[in-house]
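Here is a short briefing for a reader meeting this structure for the first time. Look at the sequence and the model, then read the points by topic.

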Amino acid sequence: MKRVSYYFPFIMVLFIISLISVFYVHFEDNIYYWDYLNYYAKAFQLNTLYHSHPLKALGKIFSSIWKSDYNYFPAIIPSLFIMSIGNHRQIYIQSIIFIYYVPFCVFFTYIFSRTFNISKLNKLLIPFIVVATNSAIIGVVLRGFPDVGGMVFIECAIILALSVDYSKRVNIKKSVLLGLCLWGAFLFRRWYAYTIVSLYISLPIFNYFYFNTRSNYKNIINECKNIFISGFSSVFMLLVFQFGLLKKIFRTNYSIIYSAYQKPLYESIYNVLMEFGFYLLPFLFLGFIFIWCEKNRNIKLYLYFCTFNLMFSIFLFFRTQSPDMQHIIPFSFWMMMIAAYGLLRLFHNFQRGQILQVTLCAFFSTMLIISLFFNWPYRIPVLRGVLPMKLAPLHIDSYKVYKNLVDDLYYNYKPYGTIAILSSSPVLNTSMIENISDYHLHIDDIAHVDLRDSGNWFALNAKYVVVVSPIQTHLPIAYQHMVTLPAYEILNHVGVGENYKKTGKCYELRLNVNACIYEKIAQFSQNEISDFNQKIYHYYPDWEKRHLGYTK
């Protein structure tokens, strides 16, 4: 009984987080789309296949792991529970919390206690609260991303580096295990590659000096041998299970196809800090300051290790694209370690440290709740500069209009031909419509980002096209001509748009934003196709040689 009461504050924190997630999903409308929907949809599809074609489900998992940028691996465990209750989204979020988020928080706290030599649980409450209430982690989970699960593999690798002296002797078993942990993060989500590269540089150095105070030739050789075995095991698993993806990675210039998502460096850094939480920055800076005063050699070494991985992984990632909310998870991990250390040192400088600890726990929890459920604090400039990024539940007042649009498409248009949604924004997009219809309505996929989706002109082959006025894009127009050009011509009845006529009613999705359905009444002439392609080639001259224009 005493042992249970010892862990009670930690259990209560997790229970409250779970309860918050229940309310969060309850306040949402079923308007999930793109990344908010991706793995939720995968889990739902797998669960359906388990009951009808279990072997096909297994084949789908291995096929996606072999060649896909977004494989089914993170959705496997959530898919086992998703049909347990009527609200599939609710059980999906809860499964991510208990399967990925809770272990992440526990391992974070364990690493912190191990590194900073803390044996008393009451002193671990602050680092636990810091990670459990950080909106860069729980906010991502509530939006449906399972990506935090990849960090569990990273944490296991760090725990191994803290537990095993790889310089003492060649340890094949533990070296392979380290390689599997680091590969596991890549298997979970491809973009963890940047953190893995950073760790393969820093982990052996950290591990060596963590267990050795000076250089020793024999120990250095053992460390190198073990890290080679680890690297070999990671590469071996890549070749065996993900060779198709590996070939794709070597053939693809991701910095070009994701150039549309590239932002100025200052804006990317600002977004990382905003996601992490401006209210935590004073403690982060304190952590950096206290590093110079730290007398414990191993603690200082670990903090340098965290700092290097933070800086170097950011450098690698920012060269390809600006991070989205899920990509900030590993950056937040390193920053939370340093910020929690700053808080720990701060308590030692106050006689009433426990009062401060309780106050900060309440403060961090309040910050999280405000970011999820309240609007008015963000209208106050002073508060807005302190609060974490707002992550309100996905809700829209005109949800019934969306339902009417989906029902009309399903009953009145689907039986007579294919449908495409010529819109690419949070206002309207293909995945949103399919999700609202519970996947009873199949929509032809369209090109959303020119350089990433070049050559995809399925929208122009559809019998019916939904076009939004004004034209909707989620990026600057310069990156989405494959959406804006055909949408403009259809709306203005010019070029290829002369072959369409408006049918049925229009739907006001937002104030002065209307979605209308257009029927393709004639095939494009060769001259119309040529003129249309020349307009596209004006923006991308190399597409003409690569034959990426529209063809019948």
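The points below cover the sheet, the nonpolar cores, the cysteines and one serine.

This is a predicted model, in which local features need pLDDT of at least 70 and side-chain atom pairs count only at pLDDT 80 or more, while totals for chains, interfaces and linings use all residues. Residues are numbered from 1 along each chain as its sequence is written, and side-chain values use heavy atoms, with hydrogens and water left out.

**The sheet and its helices**

- Four strands form an open sheet in the order β1-β2-β4-β3, with mixed pairing.
- Strands (E, at least two residues) and helices (H or I, at least four residues) are DSSP runs, numbered from the N terminus.
- Two strands pair if DSSP finds at least two bridges between them.
- The edge strands are β1 (419-422) and β3 (500-510), and each pairs on one side only.
- On average, neighbouring strands of this sheet are turned by 20° against each other, direction ignored.
- Axes here are lines fitted to C-alpha atoms, for helices over the stretch in contact, and angles run from 0 to 180 degrees between N-to-C directions.
- β1 pairs with strand β2 (residues 464-469) in the parallel sense, over four bridges.
- Leu 422 stands opposite Val 467 in β2.
- Helix α20 (residues 399-413) lies across β1, β2, β3 and β4 (513-520), and runs at about 155° to β3.
- Helix α22 (residues 481-492) also lies across β1, β2, β3 and β4, but runs at about 95° to β2.

**The nonpolar cores**

- A nonpolar core is a set of buried Ala, Val, Leu, Ile, Met, Phe, Trp, Tyr and Cys residues joined through side-chain atoms within 4.5 Å.
- Buried means under 20% relative accessible area, exposed over 50%, and partly exposed in between (1.4 Å probe, protein chains only).
- The largest core has 160 residues, and those with the most contacts inside it are Tyr 101, Phe 104, Leu 409 and Leu 428.
- Helix α17 (residues 329-348) gives the largest share of this core, 15 residues.
- Beyond its neighbours within four places in sequence, Phe 104 is in contact (heavy atoms within 4.5 Å) with residues including Val 131, Ile 137, Phe 333 and Met 336.
- A second, separate core of 28 residues includes Val 467, Leu 485, Phe 524 and Ile 536.

**The cysteines**

- The structure holds one disulfide, a term for a pair of cysteine sulfur atoms within 2.5 Å.
- This disulfide joins Cys 506 to Cys 516, with an S to S distance of 2.0 Å.
- Cys 506 is in strand β3 and Cys 516 in strand β4, 10 residues apart.
- The torsion about their S-S bond is about 110°, so the disulfide is right-handed.
- Cys 506 is partly exposed at 32% relative accessibility, whereas Cys 516 is buried at 7%.
- The sulfur of Cys 105 is 13 Å from the closest cysteine sulfur, in Cys 361, which is too far for a bond.
- Cys 105 is buried, with a relative accessible area of 0%, and Cys 361 counts as buried at 10%.

**A buried serine**

- Ser 230 is in helix α11 (residues 217-241).
- Ser 230 is buried because its relative accessible area is 0%.
- The side chain of Ser 230 reaches the backbone nitrogen of Gly 179 at 3.2 Å.
- Not counting residues up to four places away in sequence, Ser 230 touches Ser 175, Leu 178, Gly 179 and Tyr 200.

Note on methods:
Polar contact = N/O pair within 3.5 Å; in protein donor to acceptor, adjacent residues only side chain to side chain.
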